[in-house]
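Thanks for coming. I have one structure to go through this morning, so please look at the screen.

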Amino acid sequence: MMEAYEKAGGRPDVLQAQRVASAVISANEVLAVSEVEGVTIEAEEQEHGVRARITVAPGKKIEHPVHLCFGMTAEEGLQEIDSEFEIGEGAEVGFLAHCTFPNAVQLKHVMDAKIHVGPGATMRYSEAHYHGPEGGIEVLPTTRAVVDEGGRLETEFNLTKGRVGRMAIDFEADLAGCAVAELVAKAYGSGDDDIRVEEAVRLNGEGARGLTKTRVAVRDQARSEIYTTAEGNAPGAVGHMDCTEIVRGRAEARNVPIVVVRDDQARVTHEAAIGSVGKQELETLMARGLTEEEAVDVIIRGMLRG
């Protein structure tokens with residue numbers, strides 16, 4: 001499990017550091033839990049996964065990111081993670097989550113998350129996946145987030161290592177006055193991978209701000225569908241949706257932005273770009289000795305880092 005965690009970008013040594021809160025979950029087993037002052041982690045084993053509740057005490061500024069490791073090393077199976085994050089008023093915390101499925105042939109990972117960011121609190125959550133070469137996995141994360149007045153939520157989902165398989169993200173965030181949400185999703189599909197991202201940000205309070213940023217590349221026969229919704233429901237609310245998709249080979253990409261404004265002092269914008277790799281950029285890299293495939297990969301991964 002630790003070897004797979006490292007392939008996903010994690011550092012096994014950090015999980016053993018006393019100053020870092022962490023949890024390691026393999027299939028439905030809780031292998032390790034470590035807490036620090038201000039962070040409580042409750043994890044309960046279930047038939048097919050784990051139910052976890054993570055609480056950050058009000059006013060606590062957690063110095064080091066909380067490290068989370070989820071995964072399965074088996075080829076087949078089901079992992080269901082039911083998680084709840086409660087970030088107390090005025091608290092500040094970051095999370096680094098690594099999900100590893102290196103041998104997946106017929107495997108399903110289901111994540112059902114509830115997030116509550118208290119007034120004036122900040123939560124940053126970054127999740128990176130590592131999958132094997134077979135593409136025999138379904139990744140189905142659902143998140144419902146509430147950000148109270150003056151709170152801030154930043155999330156990043158990254159699935160660019162190994163085959164995607166089938167991925168369907170479903171993320172909804174409700175923001176109170178002066179709250180901020182920034183949702184970033186990145187994926188690189190190949191073969192017959194199927195990518196679907198559905199995100200909705202509801203700017204319900206005065207002065208709330210929201211951003212969705214999606215970067216997806218598909219090649220071979222892979223497909224991607226991006227559905228983003230931003231609602232400006234209060235005075236001074238500002239929302240923006242930004243989607244870039246690169247298509248290669250016989251792949252297919254679709255983007256559907258939905259803008260809803262219910263207050264004449266709110267503003268919501270969107271921009272989307274779908275297309276192939278730029279010819280000039282491709283030729284420049286090939287002139288430096290890269291093959292066409294190598295050059296395309298460099299360009300795509302550069303886009304995904306942005």
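I will start with the overall chain, then take the sheet, and end with a group of aromatic rings.

A note on the source: this is a predicted model, where local features need pLDDT of at least 70, side-chain atom pairs count only at pLDDT 80 or more, and totals for chains, interfaces and linings use all residues. Residues are numbered from 1 along each chain as its sequence is written, and side-chain values use heavy atoms, with hydrogens and water left out.

The protein chain has three helices and 19 strands; these are DSSP runs numbered from the N terminus, helices being H or I of at least four residues and strands E of at least two. How does the radius of gyration of the protein chain agree with that of a compact globule? For 306 residues the globule would be near 19 Å, and the chain has 20 Å, which agrees. That radius is taken over C-alpha atoms, and the globule rule is 2.2 Å times the number of residues to the power 0.38. As for burial, 50% of the 306 residues count as buried, meaning under 20% relative accessible area, with exposed over 50% and partly exposed in between, using a 1.4 Å probe and protein chains only.

Inside the order, strand 5 (residues 66–71) and strand 7 (residues 92–101) run parallel and are joined by six bridges. Gly-71 is opposite Thr-100 of strand 7.

Rings of Phe, Tyr and Trp (its six-membered ring) pair if their centres lie within 6.5 Å; planes under 30 degrees apart are stacked, over 60 edge-to-face, and the rest tilted. The structure holds three aromatic pairs. One of them is Phe-85 with Phe-95, edge-to-face at 5.2 Å centre to centre and 80° between the planes. Phe-85 is in strand 6 (residues 76–87) and Phe-95 in strand 7, 10 residues apart.

Is Phe-95 buried or exposed? Phe-95 is buried, at 2% relative accessible area. Its ring centre is also 6.0 Å from that of Tyr-125, with the planes at 40°, so this pair is tilted. Together, Phe-85, Phe-95 and Tyr-125 make one aromatic cluster.

How values were computed. Two strands pair if DSSP finds at least two bridges between them.
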